[in-house]
2 protein chains.
Amino acid sequence: MTALTRFIRDVPDFPKPGITFKDITTLIGDPAAFAQSIQELSAPFRTERIDKIVCIESRGFLFGTPIALELNAGIVPLRKPGKLPYETIRHEYELEYGTDALEMHVDAIEKGDRVLIVDDLLATGGTAEAAAALVTKMGGIVESFVFLIELSFLNGRSKLGGHKVHCLIDYDGE
Amino acid sequence: MTALTRFIRDVPDFPKPGITFKDITTLIGDPAAFAQSIQELSAPFRTERIDKIVCIESRGFLFGTPIALELNAGIVPLRKPGKLPYETIRHEYELEYGTDALEMHVDAIEKGDRVLIVDDLLATGGTAEAAAALVTKMGGIVESFVFLIELSFLNGRSKLGGHKVHCLIDYDGE
């Protein structure tokens, strides 16, 4: 377990009773801790060619953006429907109750682009799976998923199609 | 006018007919252009003490995060109601039709903190004004606003209480 763990704040009963939320605002509020997290998240990819960093709205923007600068890669934001201004493709995915969707600009990924998909946290994996579907549909290659935190007891990795997963902080029980 | 202007894409009729949207995804998709924008946005503050970078959800996260790393400052996300997990303060502001609101964690700003407020674009200034109100309420000092783009024909600066404004790209007419 990395020393960064102590910068994560547990918030009980958010977003609903019985859930303990892992709050990353206490980590990004500390300049040294945040800089360290970006270095550690980027480290495995420094010797690889990475073309695009796909960042999932909106906490994924906080981590994906500086990783893109570290790795000299372009940034591709994935957003909820209706937010991106240009022509998009959409992928719908199941939630516990109902469905949700992510959109990506049609020209954001070129065929053969090597891509990292970045978000703050891996829970059940539905959103990350949708991101990979969009990247693959446009001919991109998912080199790895990158998360600050993994809630491994939710087994989100099982949805990630055997792709590599790089994460710094693991919680293996509630 | 900076050379970065050519990386901004005009999208007609978004989010509604008659509006030409300034799309920054084409800039952040280009690693050199994005890196240059972060350098230029950070430049005026390198010799000042900046404690916190207040980033407005969600495109403000894309620019505020790397600026915080450049200036060795903490990141404070401002979000729409209900998104932040810990105890918040809220500021409501007027839209063309109805109202909207921004929230900030109560412990995100300490009294006397010197703050930059970052967003991708200054339009009518309502959101930026709300951000300044939250910072000031917690005892922070707004050192400057920082925007990649200003739509100066909308005169958003008039709402910003005489604070400094640093922006790279100005559009002075529709």
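Predicted model: local features only at pLDDT ≥ 70, side-chain atom pairs only at ≥ 80, totals over all residues.
**Figure 1. How chain A and chain B sit against each other.** Start with the overall meeting of the two chains: 34 residues of chain A are in contact with 34 residues of chain B. Putting them together buries about 2800 Å², and carbon and sulfur atoms give 67% of that area.

**Figure 2. Polar links across the interface, and what chain A brings to them.** Between chain A and chain B there are 2 salt bridges. Have a look at one of them, where Arg9(B) pairs with Asp107(A) and the closest N and O atoms are 2.7 Å apart. Counting polar contacts, 10 residue pairs turn up across the interface of chain A and chain B, with both residues at pLDDT 80 or more. On the side of chain A that touches chain B, the elements giving two or more residues are β1 (9–12), β2 (20–23), α1 (25–28), α2 (31–42), α3 (59–71) and β4 (74–78).

**Figure 3. Ser58(B), a buried loop residue facing chain A.** Ser58(B) sits in the loop of chain B between β3 (52–56) and α3 (59–71). Its relative accessibility is 6%, so Ser58(B) counts as buried. The side chain of Ser58(B) makes a polar contact of 2.9 Å with the side chain of Arg79(A). Skip the neighbours within four places in sequence, and Ser58(B) is in contact with Glu57(A), Ser58(A), Phe61(A) and Arg79(A). While you're here, check the backbone: the peptide bond joining Glu57(B) and Ser58(B) is cis, with omega about -15°. Over in chain A, the peptide bond from Glu57(A) to Ser58(A) is cis too, with omega near -15°, and Ser58(A) lies in the loop between β3 (52–56) and α3 of chain A.

**Figure 4. Gly74(B), a strand residue that touches both chains.** You'll find Gly74(B) in strand β4 (residues 74–78) of chain B. With 0% relative accessibility, Gly74(B) counts as buried. Leave out residues up to four places away in sequence, and Gly74(B) touches Ile28(A), Gly29(A) and Pro31(A), along with Asp51(B), Lys52(B) and Ile53(B). Now for Asp30(B): Gly74(B) and Asp30(B) are 44 residues apart in sequence, and their C-alpha atoms are 26 Å apart in space.

Figure 5. Glu103(A) belongs to strand β6 (residues 99–105) of chain A. It's a buried residue, with a relative accessible area of 5%. What does its side chain hold on to? The side chain of Glu103(A) makes a polar contact of 2.8 Å with the side chain of Arg90(A), and the Glu103(A) side chain also reaches the backbone nitrogen of Gly82(A) at 3.2 Å. Beyond four places in sequence, the residues in contact with Glu103(A) include Pro77(A), Leu78(A), Arg79(A), Leu84(A), Thr88(A) and Leu134(A).

**Figure 6. Thr124(B) and its partners along the chain.** Thr124(B) is in the loop of chain B between β7 (114–122) and α4 (126–137). This residue is partly exposed, at a relative accessible area of 44%. Setting aside neighbours within four places in sequence, Thr124(B) is in contact with Leu154(B), Gly156(B) and Lys159(B). Thr124(B) and Lys159(B) are 35 residues apart along the chain, with 8.1 Å separating their C-alpha atoms.

**Figure 7. Two asparagines with positive phi.** In chain A, look at Asn155(A), where phi is near 55°, a positive value in a residue other than glycine. Asn155(A) lies in the loop between β8 (141–151) and β9 (165–171) of chain A, and it's partly exposed, with a relative accessible area of 46%. In chain B, Asn72(B) isn't a glycine either, yet it has a positive phi of about 55°. Asn72(B) is placed in the loop between α3 and β4 of chain B. At 57% relative accessibility, Asn72(B) counts as exposed.

Notes: Residues numbered from 1 in each chain as written. Chains lettered and ligands numbered in written order. Heavy atoms only, no water. Contact = heavy atoms within 4.5 Å. Buried area = accessible area lost by both parts, 1.4 Å probe. Salt bridge = Lys/Arg side-chain N within 4 Å of Asp/Glu carboxyl O. Polar contact = N/O pair within 3.5 Å; in protein donor to acceptor, adjacent residues only side chain to side chain. Helix = DSSP H or I, 4+ residues; strand = E, 2+ residues; numbered from the N terminus. Buried < 20%, exposed > 50% of the residue type's maximum accessible area, 1.4 Å probe, protein only.
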